[in-house]
Amino acid sequence: MISSFFGKTKPINYIVLALSLFLFYFTSVFFQLGEQRINEVILLEILLFACLLLSVFIINQIVRSEKATERNSYTMLFFVLLILTFSDELILQNVIFANFFLLLAFWRILSIKSIRNVKHKIFDASLLIAIASLFYDWAIAFMLLVFFVIAVYDRKTIKNWIVPFLGLATIFILTFTVLKLKGSLNFFEDHYQFSLGLFTTKSFFQVLNIKTLIYLILTIIVSISVFVRLRNVSGGKLLLLRIVFLIFVLGTGIILFTPADASPVLVTFFPASVFLTNYLEAIKKRKLQEVALIGSMLVALSLFAFHLN
């Protein structure tokens, strides 16, 4: 029943996921208020919720337009379930904003495969990654993804290699101008700290907690399984999924550079959701799909309830 419901992309799917995200997000906010009053944070929380909700819909548009999965709502569902699973990470407000702009950048990057308006897409992606880095410094690492995609699709055009720097320069010059007017030029020095968590801490678990470690290992196993199944599939989708996996690898690298209490695990939810969807689609027996989905929901709800206590 659940697999049948989310196996389609009808308006009711969007409504159910939006209402679920609304319910769980503001429940989490209520329990994390502490001594703050709701009226002191409500506007910011509504903005953060809007970013998460738009992220869900952007992900759906990415996988539909780029054909990363079949036409269903599983990717959106897994993204929402991962948010529930890591609801304790929702206090990292800058990561939510950064992830929103990164998703837009990933959309432009993945659309380069059409080989149309390549320079515009490279510029847009670079600009969006630069904006994301204003919220979270290590987001700038995703510029490596831009150069990788250029090398894959259109390496012979020299201008393509220059455009990313123009995108970065545009945002940083505009930011510098605004900060100059405000007299806050120390923002760059204070913000772009680039912590090296794994190399500066004494314990591995100071940068990676058990839950995140299990999540990353399971996602890698699922990804390998998907690649093995698709190894004989012709180029297009396999190459696309390799780029998506690189997003996951870069996100994992950023997590390892960050203390566990400030881990930007949210940036890996998009690629993880894509691979989980592809894995689920490979299960042909409907009952097994039901078991997998129900199990995923129970785990997410259990961990969400645990974080509330």
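Trainee: Which residues of H2 meet which residues of H3?

Mentor: Contact means heavy atoms within 4.5 Å, and helices are DSSP runs (H or I, at least four residues) numbered from the N terminus. In this predicted model, local features need pLDDT of at least 70 and side-chain atom pairs 80 or more, while totals for chains, interfaces and linings use all residues. Residues are numbered from 1 along each chain as its sequence is written, and side-chain values use heavy atoms, without hydrogens and water. From H2, Tyr14, Ala18, Leu21, Phe22, Tyr25, Phe26 and Val29 take part; their partners in H3 include Ile42, Phe49, Leu53, Asn60 and Arg64. The contact has 15 nonpolar, one polar and two charged residues. Nonpolar covers Ala, Val, Leu, Ile, Met, Phe, Trp, Tyr, Cys and Pro; Asp, Glu, Lys and Arg are charged, and the others, Gly among them, polar.

Trainee: At what angle do the axes of H2 and H3 cross?

Mentor: Two packed helices are described by the angle and the distance between their axes. Axes are lines fitted to C-alpha atoms over the stretch in contact, with angles from 0 to 180 degrees between N-to-C directions. Here H2 (residues 11-31) and H3 (residues 38-65) cross at roughly 145°, their axes coming within 11 Å.

Trainee: How many cavities of 30 Å³ or more are there?

Mentor: Rolling a water-sized probe over the atoms shows where empty space is left. On a 1 Å grid over the protein atoms alone, a cavity is a set of points where a 1.4 Å probe fits but cannot get out; lining residues have an atom within 4 Å of a point. Points join across faces, edges and corners, and volume is the space filled by probe spheres set on them. This structure holds two. The largest has about 60 Å³, and Phe86, Glu89 and Ser263 are among its lining residues.

Note on methods. On a 1 Å grid over the protein atoms alone, a cavity is a set of points where a 1.4 Å probe fits but cannot get out, and a pocket is an open set with protein on both sides within 12 Å along at least five of seven lines; lining residues have an atom within 4 Å of a point. Helices (H or I, at least four residues) and strands (E, at least two) are DSSP runs, numbered from the N terminus.
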